[in-house]
Amino acid sequence: MVEDISTLYTYNFPLIPISRISVDSPELKDYLYKELPVVIEGSNLVGPALEKWDLGYLTENLGDRGLYNVMQTKGHQMFKYFDQNKVTQLKGKMEFVLEASTDEMKFQEFVKRIQLPQRGRDTYSYLQQPLNDTVGPNIFSDFRRFNWELVKRWSGDMKWGSLTNNMLLIGEPGNITPVHYDEQQNLFCQVGGEKRCLLFHPRHFDKLYPYPVYHPCDRQSKVNLRAPDLSLYPLVSQLEGMECVLSPGDVLYIPIYWWHQIESLEPDLTTSITFWFKAGSIDTISFPLSATHKVAMMRNIEKMLTEALKDPKEINELFCNIVEGRYFKEEK
Ligand SMILES: O=C(O)CCC(=O)C(=O)O
């Protein structure tokens, strides 16, 4: 267990602690309502998984069933997500390098790979699989006994949209999901091992240099937070973030459009389960628009142009023509 956060990797920007509150605290609603990150303690949201889902039990129940998505890296442990559909769409139009690949394999094949000692190999794996109907009767029965009443109460009170996905993540110590944002609300449940989570408010959009929407790494930052190239990405030096370390039983609320980097800490395997919800419908809009609304608006403009122009080179050129020599950033 991490006793002292100062023993972890030191970043070149300030990180303040994310608040921790009990599931019974009346303040919880305020965090969810204001879309502010918080670690919720004592919820028992995924109780049966906490009690049982170690590697032995999961292998017994999932080992030979269905196929699982496993991301792989070689020579590093940065598991930058990419969208395979966008890779296909861009074939022949644009060159890009992906830092990870995804394979489908039986659960027991994944276990075989992660059980090889890390020393002596340079490939790393990260299982990232939506829980679906291939999981078999025991896992299904555990899943049904998650605290769905609580999930429904929170998502209903907050008027979030529907639950889209419960992703099961099993990672090797040292794995990093680099900084990115999602277009969904997330209740992120830690089941096994510990994870360090860095979060950044959506207003840091410009300081994190996201890929264009048409790119396979859409929603990911181009910046490696551990080795930022400040000549290319100078605004990184102005970042201010928040952080927490999650232990089994903790639930981190990751608000929609908040940037997050998630790091699997030594020495154990990490297991997590996400509850992703669509955004709720917007009843009223107030001005000036929030950073979240602005990101949503920028994405829509980019999507419209991508659809109209089809070719990434044309999109780049058009955006440059709109901005260059005409619009300037206000000095802060
Ligand atoms: O746990 C991880 O490594 C990544 C999880 C994540 O990015 C998410 O739940 O949005």
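## Basis of the description

Two strands are taken to pair if DSSP finds at least two bridges between them. Helices (H or I, at least four residues) and strands (E, at least two) are DSSP runs, numbered from the N terminus. The structure is a predicted model, in which local features need pLDDT of at least 70 and side-chain atom pairs count only at pLDDT 80 or more, while totals for chains, interfaces and linings use all residues. Residue numbers start from 1 along each chain as its sequence is written.

## Strand pairing around strand 6

Strand 4 (residues 68-74) and strand 6 (residues 123-130) run antiparallel and are joined by 5 bridges. Within strand 6, Tyr-124 is the residue opposite Thr-73. Strand 6 is also joined to strand 8 by 5 bridges, and these two strands run antiparallel. Here Gln-128 has Leu-169 of strand 8 as its bridge partner.

An open sheet is formed by 5 strands in the order 1-12-11-14-9, with mixed pairing. Strand 1 (15-17) and strand 9 (176-180) are the edge strands; each has a single partner strand, so one side of each is left without a neighbour in the sheet. From one strand to the next, the twist averages 25° (angles run from 0 to 180 degrees between N-to-C directions, and axes are lines fitted to C-alpha atoms, for helices over the stretch in contact).

Strand 9 and strand 14 run antiparallel and share 3 bridges. His-180 has His-260 of strand 14 opposite it.

## Helix packing

Helix 3 (residues 55-62) packs with helix 5 (residues 107-115) at an angle of about 145°, and their axes are 9 Å apart. On the helix 3 side, Leu-55, Leu-58, Thr-59 and Leu-62 meet Phe-107, Gln-108 and Val-111 of helix 5, where contact requires C-beta atoms, placed from the backbone, to lie within 7 Å. This contact has 5 nonpolar, 2 polar and no charged residues.

## Domains and annotation

The chain is divided into domain 1 (10-277) and domain 2 (291-323), with bounds that come from an automatic or database domain assignment. Their C-alpha centres lie 27 Å apart. Contacts link 13 residues of domain 1 to 10 residues of domain 2. The side of domain 1 that touches domain 2 has 9 nonpolar, 1 polar and 3 charged residues.

UniProt, in an unreviewed entry, lists residues 125-294 as "domain: JmjC"; its positions are given in the numbering used here, feature names are shortened, and annotations may be inferred rather than shown by experiment. Over residues 125-294 the chain is 15% helix and 34% strand, with the end C-alpha atoms 35 Å apart.

## Backbone features in loops

The peptide bond from Glu-266 to Pro-267 is cis, with omega near 0°, and Pro-267 lies in the loop between strand 14 and strand 15. A cis bond, with omega near 0°, also runs from Phe-287 to Pro-288; Pro-288 is in the loop between strand 15 and helix 9 (291-309).

Glu-35, a residue other than glycine, has a positive phi near 55°. Glu-35 belongs to the loop between helix 1 (28-33) and strand 3 (38-41).

Key. Two residues are in contact if their C-beta atoms, placed from the backbone, lie within 7 Å. Ala, Val, Leu, Ile, Met, Phe, Trp, Tyr, Cys and Pro count as nonpolar, Asp, Glu, Lys and Arg as charged, and the others, Gly among them, as polar.
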